[in-house]
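Hi everyone, thanks for coming. Today I'd like to walk you through one structure, so please have a look at the screen.

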Amino acid sequence: MKNLLVAQSGGPTAAINATLCGVIEKAMINTAIEKIYGVRNGVLGILSEKLIELKPALFNTTSLQLLCQTPSSALGSCRMKLSDWKENSLEYEKIISVLKKYNIGYFVYIGGNDSMDTVEKLSSYCKAKNITDIKIIGAPKTIDNDLCETDHSPGFGSAAKYIATTFTEIACDCHVYAMPSVSIVEVMGRDTGWLTASSALARCNGHVSPDLIYVSEIPFDIEQFLEDLQCKLSERMAVVVAISEGLKNQEGYYIADAMQNQQTDDFGHKILAGTGRFLEEIVRHEIGCKVRSMELNVMQRCASHIASACDIYEARLLGNAAADRVINGFSGEMACIKRTSNKPYQIEVVFSPINKIANRVKFVPREWITEQGNDVTHELIDYVMPLVQGEMPVTYHNGIPVHFKL
C-alpha cells in the first residue's frame with residue numbers, strides 16, 4: 001500500500017478547500033491508500049518536511065463539510081518556483097527523498113498556473129529519472145480563471161458572485177446623491193479580465209452599473225477613458241467603473257507603474273496595486289467631479305459567506321477526480337472541466353497533459369469584449385451566469401461563520 005499527499009499553492013480562494021475535501025474523501029474510501037498526508041505551505045513544505053496526517057482531523061462528514069465552507073488554504077500556501085531540474089536538481093532530489101521517506105506514491109497539487117508549472121517540472125523529472133512509483137496530478141484553482149484547457153477554474157465562480165453582488169451594493173449607494181460622481185472599482189486580474197468582466201452580472205437584476213468595464217486584454221487609453229466618462233456623466237449623475245488591476249497602455253506597460261516600487265514575486269510577476277488610485281487622481285484633475293476609488297483586494301477570494309454552490313460542488317468534484325486519477329496510475333496531467341451544455345448547464349471532468357497548461361494563459365475572447373473596449377457582450381454574461389448559481393449552507397456561531405482549522 002502507498003500513501004497519498006495533497007498540498008495547496010498560490011493565491012487562496014473560497015473554493016480551494018472544497019477541492020482538498022474532494023481529494024481526502026476519495027482517498028479515504030480507496031483501499032490502495034494507507035495514509036493521507038497534507039503538507040504545510042505547498043512544495044516549500046515538502047522540502048522542510050511539514051507533513052501532517054489528515055485522517056485524524058477529517059474523519060467525518062461534518063468536518064469535511066465545514067472544511068468546504070472555509071475560505072483560503074487550510075494547508076497554507078507558497079509561491080515557490082522550482083529551478084529547471086536540468087540545471088539544478090538538488091530541490092528535486094530532496095523532494096523525491098521526502099516522498100519516498102513517507103511512502104508517498106500519489107501527489108495531488110492544488111493550485112493555479114504557477115502551481116501547474118511545479119506539477120509539470122516534478123512529473124517530467126520523475127519521467128526522465130525513471131521514477132515510476134510516484135504519480136503527480138494537478139487540480140486547478142484560480143479566481144483569475146486563466147488556466148488553459150479547462151472551461152473555468154474552481155474559485156472563479158465564487159469570486160465572480162462576490163464581485164457582481166458588491167457592484168450591485170455599490171450602485172445602490174452611489175445613486176442616492178443628486179450630484180455628479182465617479183466610482184472606480186479595481187478588480188483583481190494581472191493578465192486577464194475575467195473577474196472584472198463578471199461585474200456585468202450586476203446588471204442582471206435591473207441595475208445599470210457598472211457603466212463601464214475595462215479589462216486587461218484591451219490596451220487602455222486614458223484620453224478615451226475620460227471621454228467615456230464624460231459621455232456617461234451626461235446621461236446620469238453617478239457613474240460606476242470596473243477596471244482590472246493589470247490595465248496596460250498601448251506600449252504594454254502597466255498604467256500604474258509610476259506608483260509602484262517595481263517589486264516582483266518569485267515567478268517574476270509584478271506586484272500590482274494602485275491602478276484605481278492612479279485613475280482617481282486623473283479624473284479629479286481632468287473632470288473635477290466627486291470621485292473615489294475602491295480596491296476589492298483579497299475579499300474577492302475569501303468571501304465564503306457568499307460562495308457559489310456550483311463552484312463549491314465543482315471544486316469538490318475535481319478533487320475527487322484528481323485523487324481517483326492519480327491513484328489509478330496517471331501522472332503529469334490536470335483535472336479539467338468540459339462544458340457540454342450551457343442551457344441546461346452541464347459539465348464533465350476530463351484530463352489534459354500538464355504541458356498544455358503550465359505557463360500558458362487563457363484570455364477573455366476578443367469577441368466577448370465590445371468593439372469600443374469599454375464593456376463586455378452577452379456571450380460573456382451567458383458564460384459566467386451558470387457559475388454563480390446557488391448558495392452554500394453556512395454554519396454560524398456567535399453570529400459569525402465558523403471556519404475549520406487544521
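I'll talk about a sheet, then a helix, then a pocket.

A word on sources: this is a predicted model, where local features need pLDDT of at least 70 and side-chain atom pairs count only at pLDDT 80 or more, while totals for chains, interfaces and linings use all residues. Residues are numbered from 1 along each chain as its sequence is written, and side-chain values use heavy atoms, with hydrogens and water left out.

Let's start with the sheet. Four strands form an open sheet in the order β7-β8-β6-β9, with parallel pairing. Strands here are DSSP E runs of at least two residues, helices are H or I runs of at least four, both numbered from the N terminus, and two strands pair if DSSP finds at least two bridges between them. At the edges sit β7 (212–214) and β9 (290–295), each pairing on one side only.

How many bridges join β6 to β9? Six, with β6 covering residues 181–187. If you look along β9, V291 is opposite V182.

Now the helix. Helix α9, residues 275–286, lies across β6, β8 (238–244) and β9, at about 175 degrees to β9. Contact means heavy atoms within 4.5 Å; axes are lines fitted to C-alpha atoms, for helices over the stretch in contact, with angles from 0 to 180 degrees between N-to-C directions.

Finally, the second largest pocket. Its lining has 15 residues, with S123, S124, K127, S331 and G332 nearest the centre. A pocket is an open set of points on a 1 Å grid over the protein atoms alone, where a 1.4 Å probe fits, with protein on both sides within 12 Å along at least five of seven lines; lining residues have an atom within 4 Å of a point. Helix α5, residues 113–128, gives the most to this lining, with five residues.
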